[in-house]
Every structure is written in C-alpha cells, then in structure tokens.
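Please examine the sequence and the model below.

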Number of protein chains: 2
Amino acid sequence: MTKRSSSTRLESKELTRQALIRAALKLLSQNSFDSLSLREVTREAGITPTAFYRHFDDMEELGLVLVEESFQSLGEMLKDARSQSSFDGDTIKMSLAVVVMHMHNHTSHFRFIARERYGGVRRLRRAVNRELQLFADELAIDLVAMPGVDKWTTDDRRMLAGLITETIIRMVAELLEIGPDEEPEIVERTKCQLRLISLGVPAWDGALAAGRA
Amino acid sequence: MTKRSSSTRLESKELTRQALIRAALKLLSQNSFDSLSLREVTREAGITPTAFYRHFDDMEELGLVLVEESFQSLGEMLKDARSQSSFDGDTIKMSLAVVVMHMHNHTSHFRFIARERYGGVRRLRRAVNRELQLFADELAIDLVAMPGVDKWTTDDRRMLAGLITETIIRMVAELLEIGPDEEPEIVERTKCQLRLISLGVPAWDGALAAGRA
DNA sequence: GATTATAGTTCACATATGTCAACTGACATG
DNA sequence: CATGTCAGTTGACATATGTGAACTATAATC
C-alpha cells in the first residue's frame, strides 16, 4: 500500500529529466558536447541551473545517458532491419531504406553519435565506440546468413561487419550534412559501395591469405 | 633596397603566428575546437589575449588555417605513398605503412581532421570535408592504374576512392585512440578490409548493375 | 492533519570569457 | 636622427560559467 501511490512525484521528476535530455539533444545539433554548458541546457529545459544537480552529478553523466539513449534507437533499428531482411537479393536496398528512415525519425541521436564518436570528451568517445563495437558484433551474427560467410573465422566476420558498419555510419553522417535533394545520390553511392564489398566476399580467402598476398 | 631589410619584423610576426597555431593544435589534442577559447590559445602561445587579433580576425579563421595546414601534411603523404607504390602486389601493405608513419609524425593534424570532420563548427566541417573530397578524387586518379578499374566510369571510380579513403581515415582515427601495442591488430584488420574491397573490384559490373540487382 | 523529504528556486561567489581603448617600444622608413 | 608603423601589453568592461547555502512549496508518509 505504501508503494503504489508514490508515482506522481517521481513521474514529474522523470518529466524534467526528459526535458533536460531533450534540451541537450536539441542544442547538440548545433554545437559539440564539450562546448555545451550546464546553464544552456537548463535554460533550454526551462529550469534553474542548480536544479540540474537533482538529476545528474555532472554534464558528463548527462552525456553518458545520451549515449545510452541514442543506442537504444540503433538497437530498434537493427530489429526492424532484421524483420525486413528477406534475403531476396535486395537486402542492401532494404536495409539502407530502414537506416535512412530511422535516421529521419531520430536525427538528433544519430547526429550525436556521429559527432561525439571522435569528439572532444574522452569518456563519451569511449562509450560511443564501445556501443558501436557491440552493434557491429551484432551485425556480424546476421552475416553468417550470407552465403559463404558461415565458413569464415570469427575475426574475419568482425572485419567484414566493421567495414559494413562504418560504411553505413558514414552515409548517415553525410546525409546529416546535406539537404533532402542530395540524399538519393549519397544513398546510391553507399549502395554501390556495399555491393562492391559483397562482391568481394565470395573471393575472400582468409586473413592469412591477405597477410601473404 | 628598401625591401630587403624588412624581414626581421615580418619574421617575428610569423613566429608568433606559428606559436598560436602550434598552441591551438596542442590544446586540440584534448578538447574539440568549439570548446577552445581564444584566451586559452594565447595563454599557451605565451602572448596577450588581445594580441591574437593581430594575426586572426577570429577563432574560426584560425580554425580554417589549421584545416589548410593539416591537409598540406596529407598531401605530402600522398606524394610519399605514390613514390612507394611499386604495384608489386603489396601495394596495400606499403600504402598503409606510409599512412601510419605520417600519422605518427603529424599526430595533431590527423587528430584535428578526424575530430572536426563531424565536429560542432559548421564552416570547419565543411572545409575539412571539401579537402577530404579533393583527397579522394586525387586517389581516384591513382586507381586507374588498378587492373580493370581503367574501364570504370568516373562515378564508379569516385565511389571506390571514397570507400578506400574512408576506410583508411577510420583506421587512423582508431589508431589515435589506442596504445602502440594494439596498433598491429588495427592495421591488420584494415589491411584485410582493403583487400576484401580489392577482391570485389574484378567482379564489379557497374553502378547500373548494382541498381537492378 | 502534522511532519518529513525533496524538486526546484533564489541569491551569491569566484572565475572565465571576448573585446575595446589607450598605451609602449622597437623596427623601418624618410 | 627623427618619425611613423605596428606587434604586443595593460587595464577594464560586460557577460557567461559552475556551484554552494539557504530557502520554498508540494507530494508522500506517519
């Protein structure tokens, strides 16, 4: 009985917490994280600077939460992409469509990831790259379904997954910089790049071969 | 006669200008550009804040100069890579060695490029990506020498060059984050990725084919 | 209904920033 | 040698920042 009614207070706290997060993401579409001040964020969120500390110890802590949230988006994207993946020969096209769609629905998350991946805050960079690694590993699992790849070593699969992930990430980063009219061109180029990679797959003879060739 | 002796004054100005540039690059190894303050830079360079304006209108102008300087490094690297490129089957290995070497000699330039490419300052991002584009185009020229590629369309070549450039850039960015002991692993992985790409090249059937497949 | 916990505010501080106006001093020119 | 140019300094300003101490008000507990 004592626990059920304790919701309104926590709920409203969560509300302004979300306001802080959204405020930060909004501001981060124009500046990078380490030039973002605590006061800016609270101003945008509509609260007093000192109230910030009721939610986070630190701006860095906020940043880490942003990383977490951003990658939840990515995770959902992967789920969608998997459900679409019919492997009817048009996997690349389908997957890219899913990515582009999610990018439009979660612009700020994607931009945050792209920007802070090599950004000026060490812990953030590390966190982003760790998550990105997990993401690529996840992708590597799916790649087993690709004809031929199932016989590859784990390392080789990760190598491939890394290449694909990077190529897609770069596409997203590029798309975020341009207008909608230039989108098809970039997407098409990426499609070609992924296809080129996929053409190399059947010819792959292992990392060792690469070493001596 | 009036012009010859006017060197000392200009020389010393150039000296502190270089000091500002070096100071900025040093500080940028830890923070991103848009969190870098004019005063920090002048402090590091050993001059007064207001003296900054004798050299640059603006921090942004300094930033653009940094872009220019950084890509001069890259240009020299390309020259070196070309002279090495014996095409004896080990081109990839050779080229990567050149890149890694240059990275060690110009750490701050490379880091600056990687960081500001998707960083928080619009004009800087644009400048970096413009130069990167030129760099990739330059690489595309060299690719004609690759068997088969000489018959490709210009667009397809640029697509290939973009993929290669990106892969190498990402390797550099990764190398900058880690210790020297982990270097070989990253380089090896990149070598494999480039090899995988090169294996796709002979099988490439054009952008149109990619469109319908 | 009285009491307590706490999200958010107010006020205050020390410190950092970009930039202006006026100055200094050394070099370069006449 | 007298003079003007100009790189760099001084001092000051308005403004921004992070954060501490004390406060207010309201929801949750007894």
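On a 1 Å grid over the protein atoms alone, a cavity is a set of points where a 1.4 Å probe fits but cannot get out, and its lining residues have an atom within 4 Å of a point. This is a predicted model, in which local features need pLDDT of at least 70, side-chain atom pairs count only at pLDDT 80 or more, and totals for chains, interfaces and linings use all residues. Residues are numbered from 1 along each chain as its sequence is written, and side-chain values use heavy atoms, with hydrogens and water left out.

The largest cavity is lined by 18 residues; nearest its centre lie Y118(A), E166(A), Y118(B), E166(B) and R170(B). Among the helices (DSSP runs of H or I, at least four residues, numbered from the N terminus), α7(B) gives the most to this lining, with six residues.

The second topic is DNA strand C. A residue is near a strand if one of its heavy atoms lies within 4 Å of it. There are 22 residues around DNA strand C, and T16(A), R54(A), R39(B), R43(B) and Y53(B) come nearest. Of the atoms of DNA strand C that come within 4 Å of the protein, 57% belong to sugar and phosphate. The phosphate is approached from both chains: a polar side-chain atom of T16(A) lies 3.1 Å from a phosphate oxygen, and an N or O atom in the side chain of Y53(B) is 2.5 Å from a phosphate oxygen. In R39(B), by contrast, a polar side-chain atom lies 2.3 Å from a base nitrogen. The helix that gives the most to the surface near DNA strand C is α2(B), with four residues.

Key. Chains lettered and ligands numbered in written order. 1 Å grid on protein atoms, 1.4 Å probe; cavity = no way out; pocket = protein on both sides within 12 Å on 5 of 7 lines; lining within 4 Å. Helix = DSSP H or I, 4+ residues; strand = E, 2+ residues; numbered from the N terminus. Polar contact = N/O pair within 3.5 Å; in protein donor to acceptor, adjacent residues only side chain to side chain.
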